[in-house]
Each structure stands twice: as structure tokens, then as C-alpha cells.
Amino acid sequence: KSLSVNSKGERSLIVESKLNRLPHDWTVKITSKYNTQYTGGGDTGLIDGIRGTTNFASGEWQGYQDQDFVATVDMQRETEIKSLGAGFLQVARSWIWMPTRIDFEVSSDNLNFRKVAEITTDVSPEDMEHRIRDYSQKITPTRARYVRVKAVNLGKIPAWHPGAGFEAFIFVDEIFID
């Protein structure tokens, strides 16, 4: 940190801030309900390009407990899509697991969707390390305006875990559309 000196010789810290501009004009409609402690910056936090760290309480992650994660991105216009993905966190000690599966669907009218990708996750529920994983998949190039993402929750915490019987969380920080 640096100091600034005014005309009276008084010193004060210089404050800096970082502003991030959204890389596009997309919007997001989240069907699921995120936990009020883990909002990740609200709906646009899923498409703002700001990534979370392995610290799940750092503010970039959205947390969903006792439900699947479902969100639809409106790209505002028909766009050619070649790959789809999303970023997730696992901190099993804190009841946060990777989804078991992630489905991606596309639509031109936000009514009729067709599945274009399905990803089975590969981090073991028993893995106790803090893990960030971006799952993405190339698809046959297709044109669409809307992309729906569904990440399937682990469900009940397994019997071997101290939180056994309670509901698991999914933590997501970004949706990728290329």
C-alpha cells in the first residue's frame, strides 16, 4: 500500500479498486435457488468471467443445497456454439461435492430444448482435497440463442461422512459457451 500526502502534510492510504466489464450482453435465469450465504454475485455471477478459488466463502461461488443446479443463459441472439462447460468446486469436508452429471441443452425459442452434451464428473465423492474442476465438452457446431445447464446434486451425504444423511451442496462459479 502506498501513502498520499495532501497540501497540509496529512497522509492517507491510497485505495484502489478493480472493475470488471461483462464480456458480453448475455443474461441468466436461474431456476434453482442459491443459498443466501453463497450468492456468487447474483445471477450474472455465472457469466461474469470472475473465477472462484478453493476458498468456498470467498464470494465468487454460488451454493445450491438439496437441489440440482439449473440455469438458462440467453445470449440475446442466435449464436454458433462449439463447446459448453461450467466450473465447479468440491470441498467434501464442508458438504460441497461435484455434481454427478452435467447436462447442456440448447434452444432457439426458450421452449423447445434439445440435449447436446452430457458430462459425467470424475472427482470421487471420497476425495477430501479442495478441487476446482472445469468440465467442458466440444459439440457438433450448432446455432442457438439459449443454453440450459443442469448439474445433478449428489443428494444425501454418504454414510461414511460426518454429515451423513444431510443434503449435499453444489458450488458453481461460471458457465462457458464458445
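Buried means under 20% relative accessible area. The model used in these exercises is predicted.

**Exercise 1.** Decide whether Phe69 is buried or exposed.

Solution. Start with the value: Phe69 has 0% relative accessibility. Compare it with the cut-off: buried means under 20%. Phe69 therefore counts as buried.

**Exercise 2.** Classify the ring pair of Tyr64 and Phe69.

Solution. A pair of aromatic rings is described by the distance of the centres and the angle of the planes. Begin with the distance: the centres of Tyr64 and Phe69 are 5.0 Å apart. Rings pair if their centres lie within 6.5 Å. Next comes the angle, 55° between the planes. Under 30 degrees counts as stacked, over 60 as edge-to-face and the rest as tilted. The Tyr64 and Phe69 pair is tilted. Tyr64 is also buried, at 0% relative accessible area.

**Exercise 3.** Classify the ring pair of Phe169 and Phe171, then find the cluster that holds these rings.

Solution. The centres of Phe169 and Phe171 are 5.6 Å apart. Their planes meet at 70°, so the pair is edge-to-face. Phe169 is buried at 9% relative accessibility. Phe171 is buried too, at 1%. Ring pairs join Phe169 and Phe171 with Tyr38 and Phe56 in a cluster.

Notes. Residues are numbered from 1 along each chain as its sequence is written. This is a predicted model: local features need pLDDT of at least 70, side-chain atom pairs count only at pLDDT 80 or more; totals for chains, interfaces and linings use all residues. Side-chain values use heavy atoms; hydrogens and water are left out. Rings of Phe, Tyr and Trp (its six-membered ring) pair if their centres lie within 6.5 Å; planes under 30 degrees apart count as stacked, over 60 as edge-to-face and the rest as tilted. Buried means under 20% relative accessible area, exposed over 50%, partly exposed in between (1.4 Å probe, protein chains only).
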